[in-house]
Amino acid sequence: MSRYILSRLVLAVVMALLATLVIFLLANTVPGDPVLAQLGDLAASNKEFVAEWRAKWGLDLPLWQRYVIFLQQLLHGDLGISISSQRPVLQDIRDFAPATLELASIAFLLSLVVGIPLGIMAAMRRDSWIDHLARLISLIGVSSPTFWLAFIMLALFYGGLQIAPGPGRIDAIALPPTSVTGLYLIDSALGGDWDTFRDAAAHLVLPSIVLAAATLGLITRTTRASMLESMQQDYVRVARAKGIRERRIVIGHILPNALIPVVTLGGLAYANLLTGAVLTETIFSWPGLGRYTFRSAVTLDFPAIMGITLIVAVVYLFINLLIDISYALLDPRVVR
Amino acid sequence: MSIASAPALSARAVAPVASKTRRWLRRYGLPALGALVILAWIIVALSAPALSPYNPATVDVTARLRPPSFLHWLGTDVLGRDVFTRLVHGTRVSLTTGIVVVLVGAIIGTLVGGIAAYVRGRLEELIMRLTDLVLCFPPIILAMAIAAALGIGTTNTIIAMLIVWWPKFARLARSLVLVQRSQEYVEAAVVMGLSPTRILLRHILPNSIGPLIVLVTLDVGNAIITFAGLSFLGLGVIPPTPEWGSMVSEGRELIEQWWVATFPGAAILTVVLGFNFLGDGIRDWLDPRSRRR
C-alpha cells in the first residue's frame, strides 16, 4: 500500500514539473506579443523604450535561461511579478482566492445538499413526477451555458422582481468586514457584524446557484444511476427477505455503496468549481481568481497566467492524487 | 375462433397499438426530439440568408434596442441590428465549430490512443503521460490561455480547444483497443500477416466505434457551450461576426432590454439539449444495460 502511494506521489511530482515546462513554453513561444498587449500602440512604436522594457522583464534572454530562472524563482515560492498589477503574482492570487473559495464552497454545498437527496428520491420513485423533475433539472443544469443562466437570473431576480441584490460581493456602499480569512461570511460572523453577514449572504445566492447548476445536474444523475445499480444487488434482496424495514435497507445497505462514485465525482467537481468560476465571476463582477485569470489572459500578462495556471494544475494534481489514494483505501484490488 | 368474438378481438387489438406508440415514444421520444431539433438548426444554418430580409451586420442607429415586434421578431440590439437575423446567421458558427472541434479532436484522440494501446511499451507510456499532462489542466483555463496567446479569431479558438479536447478521446480509445486487442479475430489477423495499420484501422477500430460515437454526440453540446463561453469572454469570433456567445455578451448589461441576450442563449440551450437527448438515445441503443438509468 505505502509503495503504491509513494509511486503515485512521485508521479504527481513529475507531472507537476512537466506542467511547469508546458506552462512556460506556452507563455513564451506563442505568437502573441506582450509588448503590444501591455504598452499599447504608441509606446510600442518607440524602439528604445521597448528594448528597455524587454530587458526589465527578462524577455531578451534565451528561452532555456528564462526557464531556469523561472524554476529557481518557483522554488523560492516566487511566481514573478504581474505585468499589469505590478505586484507579486502570489500576493495577487492570495488576495483574489478567498472570494472564489467562498463562492465555490457554497455552490458545492448547494449541489450536494440538493443533488444527493434529489437523486435518491428519483431512484426510489422511478418514473414518478419527482424522477421526471430530477431529470429535467439535471438536463437543464448540464445543458445551459453558465453565462446565459447568470444573465437570466440577474434579469429576473435583480432587474425584474428586484428581490436579489446586484453583482459584487456586498453592496457598493457597504464596507467589507475586517479581513481575517478573507471569506466575508466568516469574517463578518467573527466580528459579530450581522448586517454585513446578511448582505454578503444575499449576494452569494444568485452566483452560487448559477455556478452550482452544472454540478448539481451531474451529482443528481450519478446518485440516481448508482442508487439504481446498488438497489439490484443480491445483498439488498437478502436484506429484504430478512424482513428489514425499507428505511433501514435504504440507509444502511443501499446508500453506503451507492455514494462511493458520488464521493469521487464530488472531489473532481469541487476542483472544477474552483477553476470553472471564470464565467460566473465575470458576470457577477465577483473579485475572484476567475476574473483575475480572465483579465490576465486578455492582457497577455504572462507571469500572472503562468502563476495561476500552475497553481491550479497543482491543485488538480493534488486532488487526483487524493482520489487515487482514497480509491486504493476503499478498494484494495486497485493496488495490484 | 368464432365470428362472434371478432369485435372483441379487434377491440383488444387497438389497445396494443396505442400502447405501442406510447412505448415507442418512451423509448425513442427524446432521442427523436433531439435529432429533430438538431436537424432544424442545421436547416436554419443552411438557409440563413433566406430566412430574414435583414443583413446581420447592417447597423441602423435609428432602430436601436427595439423590443420584439412584427418588424423585428426578436427585437434589435444596441447598434440597431436585427437579433433574429444575427441569431440565424450565428447558427453557422456555433454548429460548425462545435462539430469540427469534436470530430477532429475525436479523430486525433482515437488515432493516438489506438496506436498507444496497439503498440504498447515505451510509446504507450509516453503518449498516455502526455494525455495526463493535458488533463491535469482545467480545460477552460488552458483553452483561455492558449486562445489569448494565439490571438483572437475563430480558427485560433478552434486550435486552442483542440489542444484541450483530444486527450479524453485518446483515453477512451486506448481502453477500448486494449479490450479488442486480446480478441481472437485480432490474433487471426496477425497470423494472416496483415499489417498493423490495417489491423488497427480495419479490424480493431470498427469494433470499438460504439462508445466513441456516444462520446462524440454527447460532447458536441459541450464543445458548443465552451466555444460560446470563450466567445462571450471575447476570445472567440472577431466582431461583428454574428455568434451566439458574443451576442449574449453584447446584451449582458441590458437587463431592461432582455431580448438581446436571452434569445441567443436560449438557442444554445436548445442545440445542447438536442445533442444530449440524441447522445443518451444512442448510448441506450448501443448498450441496453444502461437503458432507463
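Predicted model: local features only at pLDDT ≥ 70, side-chain atom pairs only at ≥ 80, totals over all residues.
Trainee: What makes the pairing of Asp280(B) and Arg221(A) a salt bridge?

Mentor: Their closest N and O atoms are 3.1 Å apart. The cut-off is 4 Å between a side-chain nitrogen of Lys or Arg and a carboxyl oxygen of Asp or Glu, so the pair qualifies. The count between chain B and chain A is one salt bridge.

Trainee: Which helices of chain B supply at least two residues each to the side that touches chain A?

Mentor: They are α4, α5 (139–150), α9 (209–232), α10 (244–250) and α11. Helix α11(B) gives the most to that side, with 12 residues.

Trainee: How many residues are in contact between the two chains, and what area is buried?

Mentor: On chain B there are 46 residues in contact with 49 residues of chain A. About 4,000 Å² is buried between the chains, and carbon and sulfur atoms give 78% of that area. Three residue pairs are in polar contact between chain B and chain A, with both residues at pLDDT 80 or more.

Trainee: Why is Ser285(A) called partly exposed?

Mentor: Its relative accessible area is 33%. Buried would need under 20% and exposed over 50%, so a value in between is called partly exposed. Ser285(A) lies in the loop between α12 (278–283) and α13 (289–298) of chain A. Its phi is near 45°, a positive value in a residue other than glycine.

Trainee: How do you know that the span of helix α4 of chain B is close to the expected one?

Mentor: The helix covers residues 121–135, which is 15 residues, and reaches 21 Å from its first C-alpha to its last. Among the buried residues of α4(B) are Glu124(B), Ile127(B) and Met128(B).

Trainee: Which residues have the most contacts inside the largest nonpolar core?

Mentor: That core has 109 residues, and those with the most contacts inside it are Phe147(A), Trp41(B), Met144(B), Leu233(B), Trp244(B) and Ile268(B). Helix α11 (residues 259–286) of chain B gives the most to this core, with 11 residues. Leaving aside residues up to four places away in sequence, Ile268(B) touches several residues, including Pro145(A), Phe147(A) and Trp244(B).

Technical notes
Residues numbered from 1 in each chain as written. Chains lettered and ligands numbered in written order. Heavy atoms only, no water. Core = buried A, V, L, I, M, F, W, Y, C linked by side-chain atoms within 4.5 Å. Buried < 20%, exposed > 50% of the residue type's maximum accessible area, 1.4 Å probe, protein only. Helix = DSSP H or I, 4+ residues; strand = E, 2+ residues; numbered from the N terminus. Contact = heavy atoms within 4.5 Å. Expected span 1.5 Å × (residues − 1). Buried area = accessible area lost by both parts, 1.4 Å probe. Polar contact = N/O pair within 3.5 Å; in protein donor to acceptor, adjacent residues only side chain to side chain.
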